[in-house]
Amino acid sequence: MILAGMALTASAQLADGFYRVRNTDSGRYIVMYDGYVFKNAATGSVNLKALQTVDDWGTVSSHMGSVWYLKNIGGVQYDMFCQSSSLGAKGNFYPSLLAIGGNYQIYGSYEGFTKYLNDESNEEGGGGFVSISGSRPDWTFIPLGGDNYVGIQPETQADGHYWATFMSGFPFTLSGGMKAYYVSSVSTDAFQMTEMGSQIPARTPVLIRLNGGRPSDNIITIQTSNSGSAPGGNLLHGNWYSSTLGGGHRDFNLENNDSYRILGNVNGHLAFVKATEDRLVLGTYIEHNRGILVLGNGYADALEEGASGIHSVDKEEVTEKGMFTLTGQKIPEGTTPRPGIYIKDGKKVIIK
């Protein structure tokens, strides 16, 4: 159900592809803030609180919840994919598009009910939300590309660069100058970051060295299919949503705990650190589309409150430390490891 647009003829059918969806009256974009979309077939009611409307381009440009993949499934009916969710498959509610001039009205019919999506204003501030009532039913679908870019918002600045952890429900390609890494090993005070290529598979949390301090400096190209596989032994975990909505919607957020470390800066150097309240949504939840380092047993206890963090280390330093399991546990020197997969000198090895 969703998205922003471009000028099309009334009879034009939208091509499969990536779009943002903008309300033609309010100018706000649809952003999916969590994975909870619910319909009641008996009453015709629809819970769309997960779908907020936002006019701040700084938020929209770097929010993967504003990126939708539109796929025609026959006639004027489509499925919409966002983040890790398919709206059609999730609620058996496949939206249809009614062309009105160069814009579209988005509606769904089920159990004898037909409902059109509207943009309603929040009472507080200039934001809004998608509902099945209101007087703003016209939407524009804007294809990704050009000024309608997707850029990554920096998470920290360290070692002379801007950095961010990032995870997308779609595969993507980095712009020139950006570099991606995964975390291949970790100890009580250090982690190893291993460089990847510029093609990042879907659902793969990565650490990215950025080009600059604004999303427009760090543009990525969203793709429809993976051109490679996710790296083995990646110790980063990802988070899809961070919602400020009430009720059950918060169930989709990842709540911070003592074993999590987020990307940060310690004395000018890149590190994974304990999350402070100002870095969390509502002071509790991990930010959307970020990666976190989840510490194993013993490592979490090694970093008490106020300790610095787990610093990045050069490959030469890691080589001196020897062989590690995929969970970052060092294999004692002189010990023959059991058959399995290990990290040695920054590369995956198989012991048979």
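**Aromatic pairs and an open sheet**

Phe18, Tyr69, Phe81 and Phe170 make up one aromatic cluster. The model is predicted, so local features need pLDDT of at least 70 and side-chain atom pairs count only at pLDDT 80 or more, while totals for chains, interfaces and linings use all residues. Residues are numbered from 1 along each chain as its sequence is written, and side-chain values use heavy atoms, with hydrogens and water left out.

The structure holds eleven aromatic pairs. Rings of Phe, Tyr and Trp (its six-membered ring) pair if their centres lie within 6.5 Å; planes under 30 degrees apart count as stacked, over 60 as edge-to-face and the rest as tilted. The ring centres of Tyr69 and Phe81 are 6.1 Å apart and the planes stand at 45 degrees, so this pair is tilted. Tyr69 belongs to strand S6 (residues 68–74) and Phe81 to strand S7 (residues 77–82), so the pair ties together parts twelve residues apart in sequence. Strands (E, at least two residues) are DSSP runs, numbered from the N terminus. Tyr69, at 18% relative accessibility, counts as buried, and Phe81, at 26%, as partly exposed. Buried means under 20% relative accessible area, exposed over 50%, and partly exposed in between (1.4 Å probe, protein chains only).

Next comes the sheet. Four strands form an open sheet in the order S15-S23-S18-S21, with antiparallel pairing. Strands S15 (150–151) and S21 (199–200) stand at the edges with a single partner strand each, so one side of each has no neighbour in the sheet. Two strands pair if DSSP finds at least two bridges between them. Two bridges join S18 (residues 172–174) to S21, and Phe172 has Ile200 in S21 as its bridge partner.
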